[in-house]
Amino acid sequence: MNTSEQKTASMPAPTEADPKLPRLAEVPAFTQWMSQGWAEPERTPAATPDAAGAAAAHRAKLSAALPGVAFVVAAGWAPVRSNDCFYDFRPHSDFLWLTNCHAEGAVLVGTPSSGGHDYRLFVPAPALPGDPAFFTSAAHGELWVGAAHGPTHWEQALGLPTSPLGALDEALARLSGAEAAGNLDSSMVSTHGLNPSATLRRTLGELRLLKDEWEITELRNSVIHTIEGFSQVINEIPTAIAGGGERWLQGTFDRVARTHGHGPGYATIIGSGHHAPTLHWVRCDGPVQESELLLLDMGVEESSFYTADVTRTFPANGRFTTAQREVHDLVEKAHRAGLAELAPGKNFTAFHTSIMEVIANGLSDWGMLPVSVDEALSPAGQHHRRWLVCGVGHHLGLDVHDCSSASYEEYQGAVLQENMVLTVEPGLYFHKHDTMVPPELRGMGVRLEDDLLITADGYENLSDPLPIDAAGIEAWMAAQAGAKA
């Protein structure tokens with residue numbers, strides 16, 4: 001459903017005109033007055049350097065993968081948050097990969113041609129002076145939301161033929177049955193007989209598995225900015241302990257993310273003490289306990305929309321206790337075992353297998369498994385997964401869990417290739433109310449997560465500046481405090 005169909009209002013409308021509160025769009029003198037005297041503001045869309053060239057190369061890859069197929073990929077619309085308030089708009093990742101356009105409601109159409117495809121972008125016409133929506137539309141009027149980008153501005157910025165969205169119906173009328181993907185408008189699909197296509201979604205997911213040089217640069221920048229966010233969060237721990245709590249740390253990181261890009265690439269996870277074992281603790285509404293572990297899972301989404309995804313677990317007071325260190329050391333051992341399996345030609349599942357072997361053996365040594373290690377690791381067992389029910393790695397890119405529409409055979413069932421970017425993230429999650437856990441470990445959660453680029457002969461750890469060993473983490477925390485002083 002696009003915004004033109006969403007029924008929102010800030011106040012009730014009168015059944016009859018109220019002379020005390022005239023509706024401005026219905027006052028001819030006012031609408032004429034508002035159409036005059038406006039100079040041209042700067043309307044050039046902000047664009048990441050070399051983004052247009054990267055998107056053009058991505059379109060060429062799609063054309064080569066689906067010759068002769070007409071397709072439509074939609075950016076989507078911002079959903080309603082509450083009544084007449086909308087969430088911030090974020091385009092669909094497949095649409096971004098093909099265009100690097102962030103216009104709400106935009107649609108890309110690919111028409112087969114002798115050279116592959118003729119591509120045309122359709123974007124909403126801006127509500128400019130002379131159009132009553134200029135001052136009446138709180139969602140899209142230029143007087144409300146700032147300088148708007150029209151088709152000409154997007155075409156100049158992206159080097160991609162661009163037309164007003166109003167011309168889309170005519171273009172789609174010639175492409176009945178076209179394959180469609182992205183955040184699709186249901187009325188557009190039904191009106192023009194579009195085919196929401198699993199094949200198109202899968203093809204785009206699989207094409208995105210291998211990152212090009214521009215994408216890798218964006219991911220590097222994202223990790224750099226994310227590590228800066230970690231540093232600032234660590235320096236705010238005393239304030240959080242004193243009363244700011246998890247929300248203070250969440251706000252600290254999110255401010256860094258907004259400074260360097262659009263914001264966090266996913267809801268920032270800040271888990272102190274018994275919140276740390278909760279895998280997606282995004283409520284962040286608890287205190288930060290000085291004697292407890294603090295799990296931070298955070299990523300900056302760059303202006304190009306590529307995101308990092310990094311996790312470290314810190315002792316809030318700067319020093320691990322003996323029990324905390326034992327758990328952290330086991331997770332570190334599993335993490336290193338997983339990293340050792342990263343190289344071109346290795347099965348994607350190899351790092352998972354190595355991590356699980358280390359975790360199962362460690363838990364067995366602690367007397368926590370009700371069966372042998374072999375039985376636990378068997379497909380019919382998996383007892384160790386009680387404390388590690390989540391996955392331990394995934395592709396990374398425009399989405400934090402990137403390429404999820406790819407086929408199983410090309411994702412988990414495939415081998416690693418140079419220029420893939422993925423995470424490895426083992427952990428142990430001992431909930432406070434889990435009576436199968438020794439009392440001294442209850443309420444403790446540890447995760448280590450790095451962002452890895454597969455290279456010709458192994459991997460590069462993009463998040464390597466953050467240590468993964470307990471001693472290194474303690475030293476890094478002390479260094480951040482010293483640098484702030």
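Student: What makes Ala-323, Val-327 and Leu-330 in H12 buried?
Tutor: Buried means under 20% relative accessible area, exposed means over 50%, and partly exposed lies in between (1.4 Å probe, protein chains only). In H12, the buried residues include Ala-323, Val-327 and Leu-330. His-328, His-335 and Gly-338 are also among them. This is a predicted model: local features need pLDDT of at least 70, side-chain atom pairs count only at pLDDT 80 or more, and totals for chains, interfaces and linings use all residues. Residues are numbered from 1 along each chain as its sequence is written, and side-chain values use heavy atoms, with hydrogens and water left out.

Student: What span does H12 reach, and what is expected?
Tutor: H12 has 18 residues and reaches 25 Å from its first C-alpha to its last. The expected span is 1.5 Å times one less than the number of residues. Helices here are DSSP runs (H or I, at least four residues), as are strands (E, at least two), numbered from the N terminus.

Student: Why are Glu-332 and Arg-336 said to be separated by about one helical turn?
Tutor: They are four residues apart in helix H12 (residues 322–339). An α-helix has 3.6 residues a turn, so residues three or four places apart point the same way.

Student: How do you know that Glu-332 and Arg-336 meet in a salt bridge?
Tutor: A salt bridge needs a side-chain nitrogen of Lys or Arg within 4 Å of a carboxyl oxygen of Asp or Glu. The N to O value for Glu-332 and Arg-336 is 2.8 Å. That qualifies as a salt bridge. Glu-332 is buried at 12%, whereas Arg-336 is partly exposed at 43%.

Student: What makes Arg-283 and Asp-285 a salt bridge?
Tutor: Their closest N and O atoms are 3.8 Å apart, so the pair meets the cut-off. Arg-283 has a relative accessible area of 55%, so it is exposed. Asp-285 stands at 41%, so it is partly exposed.

Student: Which strands do Asp-450 and Arg-312 link?
Tutor: Asp-450 is in strand S18 (residues 450–455) and Arg-312 is in strand S13 (residues 310–315). The two are 138 residues apart. Their side chains meet in a salt bridge at 2.6 Å, N to O. Asp-450 has 0% relative accessibility, so it counts as buried. Arg-312 is buried too, with 0%.

Student: How many salt bridges does the structure hold?
Tutor: It holds 19.

Student: Why is the pair of Phe-30 and Phe-135 called edge-to-face?
Tutor: Rings of Phe, Tyr and Trp (its six-membered ring) pair if their centres lie within 6.5 Å; planes under 30 degrees apart count as stacked, over 60 as edge-to-face and the rest as tilted. A search of the whole structure finds nine aromatic pairs. For Phe-30 and Phe-135 the centres are 5.2 Å apart and the planes are at 85 degrees, so the pair is edge-to-face. Phe-30 lies in helix H1 (residues 28–34) and Phe-135 in helix H4 (residues 133–136), 105 residues apart. Phe-30 is partly exposed at 23%, and Phe-135 is buried at 10%.

Student: What makes Trp-38 and Phe-134 edge-to-face?
Tutor: The centres are 5.1 Å apart, with 70 degrees between the planes. Trp-38 lies in the loop between H1 and helix H2 (51–65) and Phe-134 in helix H4, so the pair ties together parts that are 96 residues apart in sequence. Phe-134 has a relative accessible area of 3%, so it is buried. Trp-38 counts as partly exposed at 43%.

Student: How do you know that the charged end of Arg-59 sits over the ring of Tyr-119?
Tutor: The rule asks for NZ of Lys or CZ of Arg within 6 Å of the ring centre and within 35 degrees of the ring normal. The charged end of Arg-59 is 5.8 Å from the centre of the Tyr-119 ring, and it sits over that ring.

Student: What is the largest nonpolar core?
Tutor: A nonpolar core is a set of buried Ala, Val, Leu, Ile, Met, Phe, Trp, Tyr and Cys residues joined through side-chain atoms within 4.5 Å. The largest has 110 residues. Leu-296 and Phe-430 are among those with the most contacts inside it. Helix H10 (residues 213–235) gives the most to this core, with eight residues.
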